[in-house]
Amino acid sequence: MLSKAAGQAAHQTIRNRTSPSALRIATGTIATTSIVSATIYINTENGLGLKRELDFWSSVTPVVWDYWWNCFSSSPKVQLQKALQKINNYAVEQPPLSPQTEQDEKKERQILLDQLHERNAPKIYNVMIQLGGLYIKLGQVLSVTALPIPEKYREYFRTLQSNVPNHEDWVTVVKPTLERELGAPLEDIFESINEIPCGAASIGQAHKATLKCDDARGEVIVKVQYPNAKWQVPADIECVGQFLQLCVWFGLVDESASKLSYEEFARQFLSELDYTNEMKNLKAVYESSLDPNAPYMKQRVVLPQVFEELCTDQVITMSYLPGRKFEEETKRQLSLLGIDTKKSFRSIVKESSGNNVVNAERKDEVAISSPSQTLALSTKQPARMFKAKLTSIMRNVVSVDFLFSVVRFSRRIALLSQSATVKWIQLASSLSIVPVGWKTWADERQNDILQSMTLDWTEDAVHTLLDVHGYQILNQGLFNADPHPGNILVDFPTEAGKKATIGLIDYGQCKQLTPDERVKIARLILSIAEKES
């Protein structure tokens with residue numbers, strides 16, 4: 001009897017605990033715990049990275065779907081179109097596809113792809129701008145890569161080279177980060193610091209500042225890493241890897257080649273997060289530039305000096321180098337030559353060189369598919385060989401460099417004559433023998449004197465950069481692996497006759513070569529120069 005009563009009591013207790021009110025309490029507790037846990041997780045670096053990946057895919061998936069639905073053979077829409085085309089061909093008893101028909105189909109497909117690029121390139125660009133970080137850097141790389149990127153995408157990505165729209169807020173992000181990293185209020189370290197960045201990149205931005213009056217080092221650049229970069233970059237690299245795998249699945253890129261490219265891409269951009277390593281690299285290259293036997297001082301090439309006591313894992317402080325970016329100066333030089341610089345350099349070179357000769361050669365190429373064609377071609381060989389030789393000579397004589405040099409020479413003569421006139425009027429004005437209007441005209445064109453002296457600068461600058469980077473690679477074994485035009489500064493002196501100074505900045509991506517690797521590269525360069533097979 002006792003055990004029976006105890007069992008009934010136990011069953012009653014279980015029923016009481018599983019009453020509707022108890023279930024509601026348990027459900028509420030579980031739900032609250034889940035919400036709190038999710039909230040805590042989403043604010044961790046892993047959670048923020050996951051949210052960023054979801055933002056990326058929610059924006060990119062419609063674009064991927066658009067291409068798949070309209071282009072790929074596995075798409076139901078494309079399969080239905082092919083089926084209807086077969087039925088139509090069968091109904092009208094159309095003959096098998098001819099080469100002309102296949103060519104028309106290729107043209108139609110290219111038109112479709114152009115429409116898709118036109119529609120989706122702005123969307124991908126906006127995703128890069130919205131997410132920022134590594135996607136900005138990726139756009140910059142894709143704008144100049146040799147990979148077959150559609151021109152519409154390349155046009156949008158090209159704007160990211162110098163016009164990065166966003167930067168972090170000074171008051172809420174940058175200033176607190178600097179003060180936390182440097183361990184003191186900014187007013188105790190700097191006489192002044194410009195709140196507007198002089199440059200903004202994918203993982204950080206730079207501010208121009210002046211050290212305290214008692215510090216003889218004067219103007220400096222303070223480069224600060226964004227606090228979120230530590231988790232954003234790995235998350236972005238993961239997204240890029242997933243997207244690349246999707247491209248492999250669609251058959252757009254080769255799997256083995258894309259794997260090697262992705263691994264190098266990930267390794268390089270993860271290295272940019274290491275400001276301590278960047279500081280060490282910059283210091284090593286700067287110290288090597290002080291060697292009088294090195295080409296730096298001979299060629300007026302300078303690097304910023306690092307101030308180690310003002311450097312941390314997220315901050316690098318270095319001396320300020322004046323000058324405009326190499327790309328801006330090159331465009332200014334081309335503008336002086338009357339060349340439209342709104343287009344890309346690739347377009348400028350193509351238009352200047354002219355592809356008519358090459359196209360003519362290609363048109364002369366005939367596929368040999370029968371003995372009769374072989375016989376017909378053999379009778380034309382002397383004429384074709386003569387034509388090929390003539391076009392080769394013409395390409396060497398009338399080259400891009402030749403055309404630019406002719407334009408540059410004529411423009412230089414015009415500027416020199418104008419400069420001589422300016423000098424004469426300025427001299428005559430001191431004797432009060434010329435009208436006031438002439439003096440005003442001469443003062444307005446004073447800059448022509450300096451402009452006329454800089455038209456031959458570009459060729460010298462390219463040789464200088466090749467000399468310096470060759471020294472870094474082959475002599476020192478430590479070189480900048482990202483020497484794009486934005487990392488090269490040009491500073492022209494105010495006095496005529498003096499050579500411009502070239503500044504090299506941003507050593508976030510560096511490569512170290514062993515002596516054996518340097519010897520192999522040197523042998524490769526010599527083999528190419530000597531045209532060895």
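This is a predicted model: local features need pLDDT of at least 70, side-chain atom pairs count only at pLDDT 80 or more; totals for chains, interfaces and linings use all residues.

Select Leu282 first. Apart from neighbours within four places in sequence, Leu282 is in contact (heavy atoms within 4.5 Å) with Leu303, Pro304, Val306, Met318 and Tyr507. Leu282 sits in helix H12 (residues 275-289); helices (H or I, at least four residues) and strands (E, at least two) are DSSP runs, numbered from the N terminus. Leu282 is buried because its relative accessibility is 4%; buried means under 20% relative accessible area, exposed over 50%, and partly exposed in between (1.4 Å probe, protein chains only).

Residues are numbered from 1 along each chain as its sequence is written, and side-chain values use heavy atoms, with hydrogens and water left out.

Colour by pLDDT, the predictor's confidence in each residue, from 0 to 100. The protein has a mean of 76, and 65% of its residues reach 70 or more.

A salt bridge is a side-chain nitrogen of Lys or Arg within 4 Å of a carboxyl oxygen of Asp or Glu; the count is 17.

- Select Lys223 and Glu278: their side chains form a salt bridge at 2.7 Å, N to O. The pair links distant parts of the chain, with Lys223 in strand E4 (residues 219-225) and Glu278 in helix H12, 55 residues apart. Both Lys223 and Glu278 are buried.
- Select Lys283 and Glu308: this salt bridge is also given as 2.7 Å, N to O. Lys283 belongs to helix H12 and Glu308 to the loop between strand E5 (301-302) and E6, 25 residues apart. Lys283 is partly exposed at 30%, and Glu308 is partly exposed at 41%.
- Select Glu118, Lys152 and Glu155: salt bridges that share partners join them into one network.

Move to helix H11 (residues 255-271). How far apart are Arg267 and Glu264 along this helix? They are separated by about one helical turn, because they are three residues apart. Their side chains meet in a salt bridge of 2.5 Å, N to O.

Next, select helix H7 (residues 151-158), where Tyr153, Arg154 and Phe157 are buried. These residues lie on the same side of H7, because they cover an arc of only 100° around the axis, taken from the directions from the helix axis to the C-beta atoms.

Finish at the open sheet of four strands, ordered E5-E10-E9-E7 with mixed pairing; two strands pair if DSSP finds at least two bridges between them. E5 and strand E7 (324-325) are the edge strands, each pairing on one side only. Strand E9 (residues 488-491) and strand E10 (residues 501-504) are antiparallel over four bridges. Pick Val490 to find its bridge partner in E10, Ile502. Helix H21 (residues 457-476) lies across E5, E9 and E10, at about 40° to E10; axes are lines fitted to C-alpha atoms, for helices over the stretch in contact, and angles run from 0 to 180 degrees between N-to-C directions.
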